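Subject: Structure handover

Hello,

Here is the structure for you to look at. My notes on what was found follow below it.

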Amino acid sequence: MPVYDGVTQLDFTGPHQFLSRTPDVHVRVASLGGRAITADRLTFSNLDDLATIKSCDVLLVPGGGGCIAAIENDLFLKEIVRLGATARYLTSVCSGSLILGAAGFLTGRRAA
C-alpha cells in the first residue's frame, strides 16, 4: 500500500487491518524514502521505502485529498507504474483510482 501526504487514513488502515489478519499475507505500507506520513492528524512511521520493494502481488492504492499532489510527484508515480506493471492485482480505494489512471493502468478499461 503506497501512502502519501494527504492520504485518507481509513483508506489504507481498513484494508490493512483485514489483510494483515489473513494467513500467509504479508502487508507492506510504504512511502517515498520510507518517510513518515501524516493522515487525518495521525502520523504513520516505520514505513517501507517504495523504491526498495522489488515487486508485489497486490497493489492497493488508497485515496485522499493529497492524491493530485501524489499524481504530480514524478517519483511517486514512477514507483506506482513500476510496481503495478508486475502486480497480479491492481486495486484502489476511492480516489486512489485516479492515481492508477494517471499511471496508465485504466486505459481502455472501465473503472468505478
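Which strand supplies the largest share of the lining of the largest pocket? The strand is β5, residues 58-61, which gives 3 residues to that lining. Please keep in mind throughout that this is a predicted model.

The pocket

The volume of the largest pocket is about 440 Å³. It is lined by 18 residues, and those closest to its centre are H26, V27, R28, C56 and V58. Sorted by class, the lining holds 13 nonpolar residues, 2 polar ones and 3 charged ones.

Cysteines

A disulfide is a covalent bond between the sulfur atoms of two cysteines. How many disulfides does the model have? The count is 0. Two cysteines show why. The cysteine sulfur closest to that of C56 belongs to C67 and is 19 Å away, which is too far for a bond. For C67, the closest cysteine sulfur is in C94, at 8.1 Å, and that is also too far for a bond; the cut-off for a disulfide is 2.5 Å. C56 counts as buried because its relative accessibility is 18%, and the cut-off is under 20%. C67 is buried too, with a relative accessibility of 5%.

Helix α3

Helix α3 covers residues 74-84, and its buried residues are F76, L77, E79, I80, L83 and G84. Looking down the axis of α3, these buried residues fall within an arc of 155 degrees, so they line one face of the helix. An α-helix has 3.6 residues a turn, so residues three or four places apart point the same way. What do the buried residues of α3 pack against? They pack against β5, α2 (67-72), β6 (89-92) and α4 (96-102). On the face of α3 turned away from its buried side sit the exposed residues D74, L75 and K78.

S31 and L32

S31 belongs to strand β1, residues 30-31, while L32 is placed in the loop between β1 and β2. Is S31 buried or exposed? S31 counts as buried, because its relative accessibility is 0%. L32 is partly exposed, with a relative accessible area of 21%. Leaving aside residues up to four places away in sequence, S31 touches V3, I37, L47, D48, D49 and L50. On the same terms, L32 touches D49, L50, N73, L75, F76 and E79. The C-alpha atoms of L32 and M1 are separated by 12 Å, although the two residues are 31 apart along the chain.

Most residues other than glycine have a negative phi, and most peptide bonds are trans. Which residues have a positive phi here? D40 has a phi near 55 degrees, and R41 has a phi near 65 degrees. D40 lies in the loop between β2 (37-39) and β3 (42-44), and R41 is placed in that loop as well. D40 is partly exposed, at a relative accessible area of 48%, whereas R41 is exposed, at 81%.

Regards

Notes
Residues are numbered from 1 along each chain as its sequence is written. This is a predicted model: local features need pLDDT of at least 70, side-chain atom pairs count only at pLDDT 80 or more; totals for chains, interfaces and linings use all residues. Side-chain values use heavy atoms; hydrogens and water are left out. Helices (H or I, at least four residues) and strands (E, at least two) are DSSP runs, numbered from the N terminus. Buried means under 20% relative accessible area, exposed over 50%, partly exposed in between (1.4 Å probe, protein chains only). Contact means heavy atoms within 4.5 Å. On a 1 Å grid over the protein atoms alone, a cavity is a set of points where a 1.4 Å probe fits but cannot get out, and a pocket is an open set with protein on both sides within 12 Å along at least five of seven lines; lining residues have an atom within 4 Å of a point. Grid points are joined across faces, edges and corners, and a volume is the space filled by probe spheres set on the points. Ala, Val, Leu, Ile, Met, Phe, Trp, Tyr, Cys and Pro count as nonpolar, Asp, Glu, Lys and Arg as charged, and the others, Gly among them, as polar. The arc is that of the directions from the helix axis to the C-beta atoms.
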